[in-house]
Amino acid sequence: MRRVLSVGLATATVVTTALTIWLAFVVLDQRETDQRRQEVLAAARQSALNFTSLDYRHYDRDSANVLSGATGDFKKQFAAQTKQLTELVAQNKSVSEGQVLEAGIVRSDENSARVLVVADSKVTNTAVPKGEARTYRLQLDLVHKDGRWLTSDVEFVG
């Protein structure tokens, strides 16, 4: 009887230990997934905010903010257009004050993500000196590079 009790107790201890270890891995994996999702959303929100907040009086700084969170083709295209945009923004005395309203992850893994962002901005320029409200629906593709989430593509959707 004592032997059966000892075997039963040992078996219960092994099963409990194995279950505890398995649950610890599940919890750790969930925390890592949640952390990654928060990092993706924060990067997408910041990128959208940078993209929708531009001021002709310090466009060099504003465009540098966009480029600092960009990579790949998006970075190349935006950089290639910066000189032309700088002139256009200055000529029209454009100011855009962006605000991110919502952001949601469409898909994500350890290395890439797609996020939909809804942002508003108040735009003033020589054509609309009192300002005009604009709403943007953006699809941002992000990649994880050198420990950061960077925007690799931006599309206007819907």
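L19, W22, L23 and V26 together make a nonpolar surface patch of about 390 Å². A patch here takes residues with over 30% relative accessible area and no salt bridge, joining nonpolar side chains (Val, Leu, Ile, Met, Phe, Trp, Tyr) within 5 Å and like charges within 9 Å. Areas come from the Shrake-Rupley method with a 1.4 Å probe, and for residues only the protein chains shown count as cover. V26 sits in helix α1, residues 2–52, and is partly exposed at 39% relative accessibility. (Buried means under 20% relative accessible area, exposed over 50%, and partly exposed in between.)

Before going further, please keep in mind that this is a predicted model, in which local features need pLDDT of at least 70 and side-chain atom pairs count only at pLDDT 80 or more, while totals for chains, interfaces and linings use all residues. Residues are numbered from 1 along each chain as its sequence is written, and side-chain values use heavy atoms, with hydrogens and water left out.

## Overall build

The chain has three helices and five strands, arranged along the sequence as α-β-α-α-β-β-β-β. These elements are DSSP runs numbered from the N terminus: helices are H or I with at least four residues, strands are E with at least two.

How does the radius of gyration of the chain compare with that of a compact globule of 158 residues? The chain has 24 Å, whereas such a globule would have a value near 15 Å. The radius is taken over C-alpha atoms, and the globule rule is 2.2 Å times the number of residues to the power 0.38. Along the principal axes, the C-alpha atoms fill a box of roughly 95 × 30 × 25 Å. Of the 158 residues, 31% are buried.

## Salt bridges

Side chains of opposite charge can pair when their charged atoms come close. The structure holds six salt bridges, each being a side-chain nitrogen of Lys or Arg within 4 Å of a carboxyl oxygen of Asp or Glu. One of them joins E110 and R36, with the closest N and O atoms 3.9 Å apart. Because E110 lies in the loop between β2 and β3 (112–124) and R36 in helix α1, this pair ties together parts that are 74 residues apart in sequence. E110 is exposed at 52% relative accessible area, while R36 is buried at 16%.

R61 and D62 also meet through their side chains, at 3.1 Å from N to O. R61 is partly exposed at 47%, but D62 is buried at 5%. A further bridge links R134 to E132, with the closest N and O atoms 2.9 Å apart; R134 is partly exposed at 33%, and E132 is partly exposed at 33%.

Which residues gather in a patch of positive charge on the surface? They are K75, K76, K145 and R148. For charges, Lys and Arg count as positive and Asp and Glu as negative, with His and the chain ends not counted; each is placed at NZ of Lys, CZ of Arg, CG of Asp or CD of Glu. K145 belongs to strand β4, residues 132–145, and is partly exposed at 41%.

In the loop between β4 and β5 you will find D146, an exposed residue at 75%. Its phi is near 55°, a positive value in a residue other than glycine. L150, in strand β5 (residues 148–156), is buried at 8%. The C-alpha atoms of L150 and A113 are separated by 9.8 Å, although the two residues are 37 apart along the chain.

Conventions: Buried means under 20% relative accessible area, exposed over 50%, partly exposed in between (1.4 Å probe, protein chains only).
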